[in-house]
Amino acid sequence: MRHIGRMTTVYDILIVGGGLNGPALALALAQGGAKVAVVDARAADSRGATGFDGRAYAIAAASQRLLAAIGVWPALANHAQPMLQIKTTDGVVGRGPAPFFTTFDHAELGAGPMGYMVEDRHVYAGFLAAMQGQDKLTLISGQSVVAQDVQAGRASVTLADGRVLTAKLIVGADGRASGVAQRAGITRWGWDYGQTALVTAVRHEKHHGGVAHQYFLPNGPLAILPLHGGHHSSIVWSEKTAIAAQIQALDDAGYLAALHPRFGDFLGDITLAGARFTYPLNLTVAKTFIAPRVALIGDAAHGVHPIAGQGLNLGLRDVAALAEVLTDAARLGLDIGAADVLARYQEWRRFDTTIMALGMDGVNKLFSNDNPILRGLRDLGMGAVAATPALRRAFMGKASGVAGEGSPKLLRGERV
Ligand SMILES: Cc1cc2nc3c(=O)[nH]c(=O)nc-3n(C[C@H](O)[C@H](O)[C@H](O)COP(=O)(O)OP(=O)(O)OC[C@H]3O[C@@H](n4cnc5c(N)ncnc54)[C@H](O)[C@@H]3O)c2cc1C
């Protein structure tokens, strides 16, 4: 990895945003031979520096293969908790989970764990370490992009300190409020869920056994996600925004007292073990993922509800598709910023993204509700899933991102 000096510098691809999807794309492209720069507003050492804070990602099996192919997985493997089962249930506060469980077991897929839970601090550190080994990759951190310009045959961005970087293509990996998209005139659709996610971690007496739980409570889902070591779980607890604000304002004892009746006793005694974060939840999808010499990936293209822990996984599917389209085009001597090249990327990703975004929206609406008719309907639906192995396998295949013929190479564990 190189750190640049000053003045105009020319790259093949400029990636705005060094969260997780930006670095993943940069690594894949650099391995494919492209000269890439990643610009991130945050300082590289500002993330994960505080130690364990409980934030973690469910990384689907296909995403794990991508991380292995781009050289990040070795740094994560020792911190990863395999997810062996996912149990979903309708919950009632104070009464614990309803008797109705739908269990998704990795053994039914016969292809290893459904995914892994890995803490944010390890994921980001893994990306940073992998980027450091790449000569073709430049990371500029602690700098914001403040302007962009597209001209015939090239595009450029201006940094807050006045430097100008030029490339054939700008990739917006700059999150839900993507400035790259705004500056390119790309508008968005979506809505506010009126829910906020309370995120923390608990320590529990009993071993979690690699089981993830999703309780569908009337105000929003509660996910209990197993972390490495067996006695910690990450909590993503969605509540109506006003209630979430009240809970967040409580002291730790009050917060735990509010969580306990929802969590139940199945893991024995619980104590709070992480920092306490809140994330307002909305759906925000870009109306198009491409514009002249611009492509969007990750949350910049689609910010979804965290109900199925699919946000980052969706972003990594963008990474896999865009890296392959651009690398193939470069090998054929084509202009990687040309409209027809970018159209291939958009075609590959739009359908999957829309289905996934609306699917999670629908599940959230169906379950975040105490209407007795909807309660009956979802019990019926969950009953059908519980009783039908083929339906369960279809659900698990989607959630673990099983990648068959026609999927991008990186999702199958191959380099571009
Ligand atoms: C509560 C919650 C739980 C979640 N759990 C899961 C999970 O279990 N599994 C999963 O797959 N996903 C999960 N997600 C979703 C996941 O966190 C996101 O999809 C993912 O982090 C998005 O990564 P990104 O790189 O696209 O964007 P971001 O992480 O938002 O990164 C954007 C980057 O762009 C930079 N930036 C912005 N503007 C500029 C600028 N002008 N110049 C330079 N840099 C700029 C920012 O500094 C930032 O570093 C969860 C989300 C939430 C809210």
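In this predicted model, the largest nonpolar core comprises 113 residues. Within this core, Ile13, Leu14, Ile15, Leu25, Val36, Val171 and Ala295 touch the most other members. Helix H9 contributes the largest share of the core, eleven residues. In soluble globular proteins, nonpolar side chains tend to be buried together.

With neighbours within four places in sequence set aside, Ala295 is in contact with Leu169, Val171, Phe289, Ile290, Leu322, Leu342 and Tyr345. One of these contacts, Val171, is itself listed with Ala295 among the residues that touch the most other core members. Another, Leu322, lies in H9, which spans residues 311-331.

Across the chain, 48% of the 416 residues are buried. The secondary structure consists of twelve helices and 22 strands. Of the contacts with a separation of 6 or more, 75% are between residues 24 or more positions apart.

The ligand is surrounded by 32 residues, of which Gly19, Gly175, Gly298, Gly311 and Leu312 are the closest. By class, the shell contains 14 nonpolar, 14 polar and four charged residues. At least two shell residues each are supplied by helix H1 (21-31), strands E3 (36-40), E4 (56-60) and E14 (188-204), and helix H9 (311-331). The largest share, four residues, comes from H9.

Notes. Residues are numbered from 1 along each chain as its sequence is written. This is a predicted model: local features need pLDDT of at least 70, side-chain atom pairs count only at pLDDT 80 or more; totals for chains, interfaces and linings use all residues. A residue is near a molecule or strand if its C-beta atom, placed from the backbone, lies within 6 Å of it. Ala, Val, Leu, Ile, Met, Phe, Trp, Tyr, Cys and Pro count as nonpolar, Asp, Glu, Lys and Arg as charged, and the others, Gly among them, as polar. A residue is buried if 20 or more other C-beta atoms lie within 10 Å of its own, exposed if 12 or fewer, and partly exposed in between; C-beta atoms are placed from the backbone. Two residues are in contact if their C-beta atoms, placed from the backbone, lie within 7 Å. A nonpolar core is a set of buried Ala, Val, Leu, Ile, Met, Phe, Trp, Tyr and Cys residues joined through C-beta atoms within 7 Å.
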